[in-house]
Amino acid sequence: MSERQTPITVNDAVAAYDRRAGELFAQYESVAAEDVHSAVLDLLPSAPGAVLDVGAGSGRDAAWLARLGHQVVAVEPSAGMRAEAQRRHGDPRIRWIDDRLPGLERVHRLGLAFDTILLSAVWMHVAPPDRRRAFRKLITLLRPGGRLLLTLRHGPPDPERAMHPVTRAEVERLAAEHGALVTRTVRMSDRLGRADVIWESIAVQFADDGTGALPLIRQIVLNDAKSSTYKLALLRCVARAADAWPGLAVADGDDGVVLPLGLIALCWLRSFLPLVAADLPQTPVSRNGAGLGFVKEAFHRLAGTAPFELRVGAVFQDDRAAALRQALRDAAATIATMPARYITCPGSDRPVFDVALSRLPRTGNALVVDAPFLWSFGRFRIPTHVWRALTRMNAWIEPALLAEWTRLMQRYLDGQGRAVPEGTIAAALQWLDPARDTAEVRRITARMLEAGEPLRCVWSGRPLSAHTLDVDHALPFAAWPCGDLWNLLPAAARVNRHEKRDRLVSADLLDRSRERIADWWERAYVRRSPLLAARFEREAQASLPLDVEPHRGVDIGAVLDALSAKRLMLRVTQQLPEWLGPRTAE
């Protein structure tokens, strides 16, 4: 910024571009568009499409895009730059418009949706108070599946051209608020050789799987009327069930998937316990959980329960068992009568989700959170295309959902004249996964070694001792936090910590290791004790895509096949780097 008393405005910047049009035109044209945008070349549409170039400047990028066959709308508010660009780049596939951010009113009047929107060296000219509106205007111009490509300028500002600080975190937050996701960031040196200027190329994308599920989910998250946070909570519960326990889903014809209602209620309690504990309002008037239909005596008796204790496979005794059973029943009733009833298909009163409550049978002093227990609360039916979208694309969906949930709670707090310390909302909304705890499996391996049972690294085949043994997560904990027995395998410490680390095993390595993994499962869990065998089956049934009936005995081959399928899903949905195996034979 300059040292003038009044800050430089966007209009001042446009005037500066007019005065220096000749100088800046030559500067921009001295660098090839392919070099400037090398980090995102593969993200441009492969077939001719519609592209919006905002802040088109000299027309260098617009002309390049037109040569690739795209129809380009080039927006440039500087009359001097625009006139020279039209003279130099007179391609009929370029339509020039005098317009500017944050409004882009003339572009919006065109009624077009674009495959790609390009903002090259523009975002730093938008004043921070205008950025939320500017981003909203841009994102609504994208078609489903379209991309917004920005380059951020980091470094000292030009004192004449109204430049403001920019950050990737701000773009990520704005993307999440609008149901989009930052899919790529690449930092690059300045093509004009300025040592103190760094550029950051960022890609923002609307996901679209072609089924209509994601537009429906975006509609529910961002546009549906909400008198509470219940709709958002239900969507998050289904998404979390899809991510962590897809094995409990059962196909219901070709167009539906059914989950145990108790699983959705379990995720519901896990979501709301920390929010109520932090006294964060879920309606405009709620305080300390008052007025929430499921926050009753049983819910309060669960106070102090760590959220990650509410998981499939957990065991509860006596009063905690009774409290959990009743709290789940209260949550299931609320889900059925409130959000599931009012989340409807666009243009109709037909609910997206179908819920059938069951009469919960009486049980003893202990309960195991397993499939039969969760099914005893009823059925929760989801359209197949919505289920698949939540299974495959929760990384796109949950940030938008949480951003809207945060906005609603902040609005409720403001309406109540209350403030909470910074970070309170984010901490309460965080989905707390279990710690990376391998202690139980380490105790099993210690007993096996003491008894003289041989142990080998499942990846290398190397014999293990107490000094060389480590416990590895077959599917990396950093990408998919899961401490289930089937996911914990003996491995050489050097191999696990220095070679595999948080990478995903390749399909070939998993196939080569099948016999060693099966041997470990058999000896460590299945044949060791009926309790471990039951837990192994229960956890595999819930979190892996198994096709076998529960309580039919452990089918090691089926679990291995399901592990392979889950590996493929993580590879496709998260694009995790693969590990091919130990560097040397052992």
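**Figure 1. The loop around Pro102.** In this predicted model, Pro102 lies in the loop between β3 and α6 (105–109); helices (H or I, at least four residues) and strands (E, at least two) are DSSP runs, numbered from the N terminus. The peptide bond from Leu101 to Pro102 is cis, with omega near 10°. Residues are numbered from 1 along each chain as its sequence is written, and side-chain values use heavy atoms, with hydrogens and water left out. Because the model is predicted, local features need pLDDT of at least 70 and side-chain atom pairs count only at pLDDT 80 or more, while totals for chains, interfaces and linings use all residues.

**Figure 2. The sheet of seven strands.** This open sheet has the strand order β3-β2-β1-β4-β5-β7-β6, and its pairing is mixed; two strands pair if DSSP finds at least two bridges between them. At the edges are β3 (94–97) and β6 (181–189), each of which pairs on one side only. On average, neighbouring strands of the sheet are turned by 15° against each other, direction ignored. Strands β1 (residues 50–54) and β2 (residues 71–75) pair in the parallel sense over five bridges, and Gln71 in β2 stands opposite Ala50.

**Figure 3. The packing of α10 on α11.** Helix α10 (residues 230–244) and helix α11 (residues 261–277) pack at an angle of about 120°, with their axes 9 Å apart. Axes are lines fitted to C-alpha atoms, for helices over the stretch in contact, and angles run from 0 to 180 degrees between N-to-C directions. The angle makes α10 oblique to α11 (angles under 35 degrees count as roughly parallel, over 145 as roughly antiparallel, 65 to 115 as roughly perpendicular and the rest as oblique). Residues of α10 in the contact (heavy atoms within 4.5 Å) include Tyr230, Leu234 and Arg240, and those of α11 include Ile264, Trp268 and Phe272. By class, the contact has 11 nonpolar, one polar and two charged residues; Ala, Val, Leu, Ile, Met, Phe, Trp, Tyr, Cys and Pro count as nonpolar, Asp, Glu, Lys and Arg as charged, and the others, Gly among them, as polar.

**Figure 4. The packing of α21 on α22.** The axes of helix α21 (residues 514–526) and helix α22 (residues 530–543) come within 8 Å and cross at roughly 130°. The two helices, α21 and α22, are therefore oblique to each other. Trp521, Ala524, Tyr525 and Val526 in α21 meet Leu532, Ala533 and Phe536 in α22. This contact has seven nonpolar, no polar and no charged residues.

Figure 5. Four strands form an open sheet in the order β8-β9-β13-β11, with antiparallel pairing. The edge positions belong to β8 (250–251) and β11 (354–357); each has a single partner strand, so one side of each is left without a neighbour in the sheet. Four bridges join β11 and strand β13 (residues 378–383) in the antiparallel sense, and Gly378 in β13 is the bridge partner of Leu357. Helix α16 (residues 384–415) packs on the sheet, touching β9 (256–260) and β13, and its direction makes about 85° with that of β13.

Figure 6. Asp318, found in helix α13 (residues 318–337), has a positive phi of about 50° although it is not a glycine. Arg501 sits in the loop between α19 (493–500) and β16 (504–505), and its phi, near 50°, is likewise positive in a residue other than glycine.
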